[in-house]
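Hi everyone, thanks for making time this morning.

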Amino acid sequence: IRCWSNIPFITMPLSRAHGKSFAHRSELKHAKRIVVKLGSAVVTRGDECGLALGRLASIVEQVSMLQNQGREMMIVTSGAVAFGKQRLRHEILLSQSVRQALHSGQSQLKDMAIPVLEARACAAAGQSGLMALYEAMFTQYSICAAQILVTNLDFHDEQKRRNLNGTLHELLRMNIVPIINTNDAVVPPPEPNSDLQGVNVISVKDNDSLAARLAVEMKTDLLIVLSDVEGLFDSPPGSDDAKLIDIFYPGDQQSVTFGTKSRVGMGGMEAKVKAALWALQGGTSVVIANGTHPKISGHVITDIVEGKKVGTFFSEVKPAGPTVEQQGEMARAGGRTLAALQPEQRAEIIYRLADLLTDQREEILLANKKDLEEAENKGRLALPLLKRLSLSTSKLNSLAIGLRQIAASSQDSVGRVIRRTRIAKDLDLEQVTVPIGVLLVIFESRPDCLPQVSALAIASGNGLLLKGGKEAAHSNQILHHLTQEALSIHGVKDAVQLVNTREEVEDLCRLDKLIDLIIPRGSSQLVRNIQKAAKGIPVMGHSEGICHVYVDTDASVEKVTRIIRDSKCEYPAACNALETLLIHRDLLRTPLFDQIIDMLRVEQVKIHAGPKFASYLTFSPSEVKSLRTEYGDLECCIEVVDTVQEAVEHIHKYGSSHTDVIITENEKTAEFFLQHVDSACVFWNASTRFSDGYRFGLGAEVGISTSRIHARGPVGIEGLLTTKWLLRGDNHVVSDFSEHGSMKYLHESLPLPQRNTN
């Protein structure tokens, strides 16, 4: 027995203990019982006369999908008035046309006027048709639907409320979707200011309050309110500086300015928020989202249930730290302050961070040990990822050396003049380097990535958002703390932010107003997912590191095994490790070939045979499943080619434009390879492992880019800069340069300021 407004009523036990709403979006996937409220603007057409059939069909499909997953779905729907208005208009027009045709002839048909239609009459005419439409749509998914019409009085009469409760539970038990609506044919006009006076009182004056009341009384896990706006904004949508509120907490009402209600329907956003907060207090989670947008309406309900960042989520649990949106704004402001510092000050911050990496070595390694132990106990990481997760004294020392290189090379990175042109007398143009803005770097199992990327962002004056994997949480936390300690010496602590909230990577990739560039560092699957999810934000990186080494007929015996061993075995999990070894056909069954095979066996490298290589062997290793494979371990593919041209063609067909190598003593062949292989890094007689920002003298890298725009190869400070144009004039106007004007264009190149090379 539960009490509501001092009137007891019976409820049925559910599989999930009810009482507290979900604290985070990620928990919504556990919702068992769900109410979907469809606002008038969602189910009606733009002319408010008739239903939006395509949109409604998509909603029914999503509800059916969730119902067939074993969830208990209920719909609170509007639309009866609009559907009835369409039918009554048709009937009135038909009736008037017949009467006027009999009395006045066809000439006056165009002057017919449609009388104002009373809403209750429209509802009476539209309810049966609306339900018939729902039944027809749900039948396509082998789901039965049932109609329930209610009024406010039904919730004040104990017996009626008990009957309603029992009916809904019985329908849900039989896997039937209840479709509930206010009985607009008989409902009286709503009394102003009569609803939402406290936790125990809510008047059913519209479908928002109806959905909230039903959600709480039926102890539902989730209420989804679909409207014609993306969610709740801090000011009326469409106004300047209006921002979508991702998570709304009780008590935040003072920070919101409500606008007018939607084009149709009884309520507005203020009514929705009040109803949502009332439901939240009753233990039901609430999301308000857009059900009309053509790009998202086809999956908005399922996206919400999957925990994706859609609409406004109402939560009673306020996070201890800032939201990711706030972190993005802090990084933007901090980055601009960072860019305004003197180059020596930015370098001083990086030097301080390098010192902290060695001074705090024991604390860093202790935190890293916790991550390694947790990963091994849970058994969720493959061996290559465990290797990337591990930190050591030598790694920290190398990091510190790399950071000092960055600091030394960053003195004139920001604000460097790269072009000067005299447009006309006293009108000079400069192109100067500036930071890109706010970078989002997403990395897996690579805690050493955090100080590297932070140093590069500091040197280039960029704000930075970092999203590391859960497996490196302890390591990332202490490394970020040390980074902020270094930033604090010049008051720019906010420039580098570590995202610790439960934000999904896909949600972060939608923050196009906060983030200017995304740099993923991790598996090829991670990079592909980010490239797919990023909406309007450029992504810098490579999805795969399929690196080739081609051994030419003129290769040196001494160089071949050294380069191949280093390329494959020095760090097989790296993206610049050898994955496919191309052998010239003439080298088969030669001592050199035998030496290569023996060396790989000694190093315990598993060999996969390419199709052509397998055809030369009586007993071959396992044939490769795909020539486009990144193993990331002590495995590689061997394939045979007839010429250097064929090697180049193979690389273009199966490679990833990352790093490719030729081993030969023939300079002409080497130059052909260097000029024709279209990859970010192409080497002659050198290991693929040299493809690295530290080894290139860049100090470190944010990643290796295989794209063809902006930066390519190891991306250091230069790759994190863009340019802007500065024009200095003296009362210049374009009209002075017209055919009869007094000025002429000069377009003279001017010498550049001398760079600081110390």
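This is a predicted model: local features need pLDDT of at least 70, side-chain atom pairs count only at pLDDT 80 or more; totals for chains, interfaces and linings use all residues.

**A walk through the sheets**

Residues are numbered from 1 along each chain as its sequence is written, and side-chain values use heavy atoms, with hydrogens and water left out.

A few words on terms. Helices (H or I, at least four residues) and strands (E, at least two) are DSSP runs, numbered from the N terminus. Two strands pair if DSSP finds at least two bridges between them.

So, back to that spot. S14 and strand S15 (residues 496-498) run parallel and are joined by three bridges. On S14 there is also strand S13 (residues 438-443), paired with S14 in the parallel sense over six bridges. Here Leu440 has Leu465 of S14 as its bridge partner. Between S13 and S14 the chain passes through helix H14 (residues 449-460), and this β-α-β crossover is right-handed; that is, with the strands pointing away from the viewer, the path from the first strand over the helix to the second runs clockwise. S14, helix H15 (residues 473-487) and S15 make a right-handed β-α-β unit as well.

How many residues of strand S14 (residues 463-468) are buried? Six of its six, where buried means under 20% relative accessible area, exposed over 50%, and partly exposed in between, with a 1.4 Å probe and protein chains only. Gly463, Leu465 and Lys467 point one way from S14, while Leu464, Leu466 and Gly468 point the other way, and all are buried.

Now please move to the eight-stranded sheet. It is open, has mixed pairing, and its order is S5-S6-S4-S3-S7-S9-S10-S8. Strand S5 (145-150) and strand S8 (247-248) stand at the edges with a single partner strand each, so one side of each has no neighbour in the sheet. Further in, strand S3 (residues 33-38) and strand S7 (residues 222-227) run parallel and share five bridges. Val35 has Leu223 in S7 as its bridge partner.

Helix H6 (residues 207-217) packs on this sheet, touching S3, S4, S5, S6 and S7, and its direction makes about 135 degrees with that of S6. Helix H4 (residues 119-139) lies across S3, strand S4 (72-77), S5 and strand S6 (177-182), running at about 155 degrees to S5. For these, contact means heavy atoms within 4.5 Å. Axes are lines fitted to C-alpha atoms, for helices over the stretch in contact, and angles run from 0 to 180 degrees between N-to-C directions.

The other sheet I'd like to show you is open too, with six strands in the order S19-S20-S18-S17-S21-S22 and parallel pairing. Strand S19 (606-609) and strand S22 (681-684) are its edge strands, each pairing on one side only. From one strand to the next, the twist averages 20 degrees. Strand S21 (residues 659-663) runs parallel to S22, with four bridges joining them, and Val661 stands opposite Phe683 in S22. Helix H22 (residues 667-676) packs here, touching strand S17 (547-551), S21 and S22, and makes about 175 degrees with the direction of S22.

Let's turn to the aromatic rings. Searching the whole structure gives six aromatic pairs. Rings of Phe, Tyr and Trp (its six-membered ring) pair if their centres lie within 6.5 Å; planes under 30 degrees apart count as stacked, over 60 as edge-to-face and the rest as tilted. Phe593 and Phe613 have ring centres 5.9 Å apart and planes at 70 degrees, so the pair is edge-to-face. This pair links distant parts of the chain, with Phe593 in helix H19 (residues 591-602) and Phe613 in helix H20 (residues 611-615), 20 residues apart. Both Phe593 and Phe613 are buried. For Phe737 and Tyr745, the centres are 4.4 Å apart and the planes at 20 degrees, so that pair is stacked. Phe737 is buried, at 14% relative accessible area, whereas Tyr745, at 45% relative accessibility, counts as partly exposed.

To finish, the overall picture: the protein has 22 helices and 26 strands, and 52% of its 758 residues count as buried.
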